[in-house]
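Subject: Handing over a structure, with notes on what is in it

Dear colleague,

Please find below the structure that I promised to pass on to you. Have a look at it before you read on, and keep it open beside these notes.

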Amino acid sequence: MKSLRPITLFLIAMTAATAAAATPVYSVVDLGTLSGNYSLARGLNESGTVVGQSLPQFSGPSHAVVFSNGGLQDLGTLGGTTSFADSINDAGTITGSAKITGDTADHAYAYSGGLMTDLGTLGGPNSYGRVINNQGQIVGASDTNATTRHAFLYSNGIMQDLGTLGGVNSQGNSMNDAGQVVGNSEVTGSTNYHAFVYDGVSMVDIGTLGGTNSSAADINNAGQIVGYAYPVGSNLRHAFLYSNGIMQDIGTLGGTTSEAYAINDAGVVVGSSNISGSIYHAFLYSSGNLLDLNDLIDPASGWLIRIAYDINESGSIAAYGRQSNGDYHALLLNVIPSSSTSIPEPAPLMLIGTGLLGLLHLRRFKYNGMRYDGNC
């Protein structure tokens, strides 16, 4: 497991004190677009390189893009009209999915050195790459025939079918550097789906929050898993953190639903929650504190951060937000270095002390996953 970086340690301690200190923790970097008014950030690596999608023209299909060094690069397609980028590892290899020639299907790909390589399928028409780890392994989902989809692990040129939890369909959403895979699968005799972790031998059901469905979105190198699950008697999603065999509901920002998308090795979680009605805000969860990311940026920035999709070990976040003029852009949130030296008021200082004590309990796990809802 990687050692925790000083800025990440500061972030964990500082988040509980931010509201009282009223000091922005994050700067907001607009990553721009290829054209038009839309782009989306989905993943980032330790160097802060971000991948996602944008419109190559003012209207029409999206293309996979990489945001790096202040510029955008269109990654192209596999011969069709659209492509999406979901993940990038520290070596700069990217995975996602793209339409093949004739737009007859979507295929998972690996992009490296300017070349987009088709990874094929498990026998059916479509496949979707979701996450690539630092070993170059890719996890995702692929059709096995015209009606069935299974989670896959792609390694050393071979796409391996990971099976299901006894049901018909499954989907891989993420994995860590040890090759542990998370996602969701339909269970025996039902279309209900549960979050799973695959340890290289078998797929293990990690349960729900008492309701019918759950899905794992991410796993860290310590083995902690995040995603969403239905509480007892509800069909509304709540973000969860799974650690040491226990699935914990981490709540909402005041609304009815929430969903966790990523967790770093320090156990800091990001995602999205509605605050009321259909208004969604990105959140950050750390040491028992669920915070609105919009409270951690300068209110004069002009951005409403709607979704946080990924977080790296430095605390940087790949996000998606709405500008005051109505445009939706990919964003990179970076921890403001100067904030680590600011002197908070006495009350926040006490909270920081509490946060530092909490670090003793943060040698936990990480998992990244995704849900089976047909929205590959």
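I will begin with a residue in a loop: Ser 287 has its place between strand 24 and strand 25, the latter running over residues 289-292. Please bear in mind throughout that this is a predicted model. Ser 287 has a positive phi of about 50° although it is not a glycine, and this deserves a remark because most residues other than glycine have a negative phi. With a relative accessibility of 31%, Ser 287 counts as partly exposed, since that category lies between the limit for buried, under 20%, and the limit for exposed, over 50%.

A second residue of this kind is Asn 156, which is not a glycine either and yet has a positive phi of about 55°. Asn 156 also sits in a loop, namely the one between strand 12 and strand 13, where strand 13 covers residues 158-161. Is Asn 156 buried or exposed? Its relative accessible area is 76%, so Asn 156 is exposed.

The protein chain has three helices and 29 strands, and of its 376 residues, 57% count as buried. If you take the contacts between residues at least 6 apart in sequence, you will find that 46% of them join residues at least 24 apart.

Next come the nonpolar cores. The largest of them has 21 residues, and those with the most contacts inside this core are Tyr 26, Leu 293, Ile 305, Ile 317 and Leu 333. Four strands each supply at least two residues of this core, namely strand 24 (279-286), strand 26 (303-311), strand 27 (317-323) and strand 28 (328-335), and the largest share, four residues, comes from strand 26. Apart from this core lies another one, of 14 residues, which has Ala 64, Ala 85, Tyr 111 and Met 116 among its members. To return to Leu 333, its contacts, not counting residues up to four places away in sequence, are with Tyr 26, Ser 27, Val 28, Leu 293, Ile 305, Gly 315, Ser 316, Ile 317 and Ala 319.

Finally, I would like to point you to a few individual residues in strands, which you can find one after another in the viewer.

Ser 83 lies in strand 6, over residues 79-88, and counts as buried because its relative accessibility is 0%. The side chain of Ser 83 reaches the backbone nitrogen of Ala 64 at 2.7 Å.

Ala 151 belongs to strand 12, residues 149-155, and with a relative accessibility of 0% Ala 151 counts as buried. Although Ala 151 and Val 139 are 12 residues apart in sequence, their C-alpha atoms are 7.4 Å apart in space. Not counting residues up to four places away, Ala 151 touches a number of others, including Leu 122, Gly 140, Asp 161, Ser 170 and Phe 196.

Ser 215 is part of strand 18, residues 210-220, and counts as buried at 2% relative accessibility. The side chain of Ser 215 makes a polar contact, at 2.8 Å, with the side chain of Asn 184.

Leu 241, in turn, is found in strand 20, residues 238-243, and counts as buried because its relative accessibility is 2%. The C-alpha atom of Leu 241 is separated by 7.1 Å from that of Gly 227, which is 14 residues apart from Leu 241 along the chain.

With kind regards

Methods
Residues numbered from 1 in each chain as written. Predicted model: local features only at pLDDT ≥ 70, side-chain atom pairs only at ≥ 80, totals over all residues. Heavy atoms only, no water. Buried < 20%, exposed > 50% of the residue type's maximum accessible area, 1.4 Å probe, protein only. Polar contact = N/O pair within 3.5 Å; in protein donor to acceptor, adjacent residues only side chain to side chain. Core = buried A, V, L, I, M, F, W, Y, C linked by side-chain atoms within 4.5 Å. Contact = heavy atoms within 4.5 Å.
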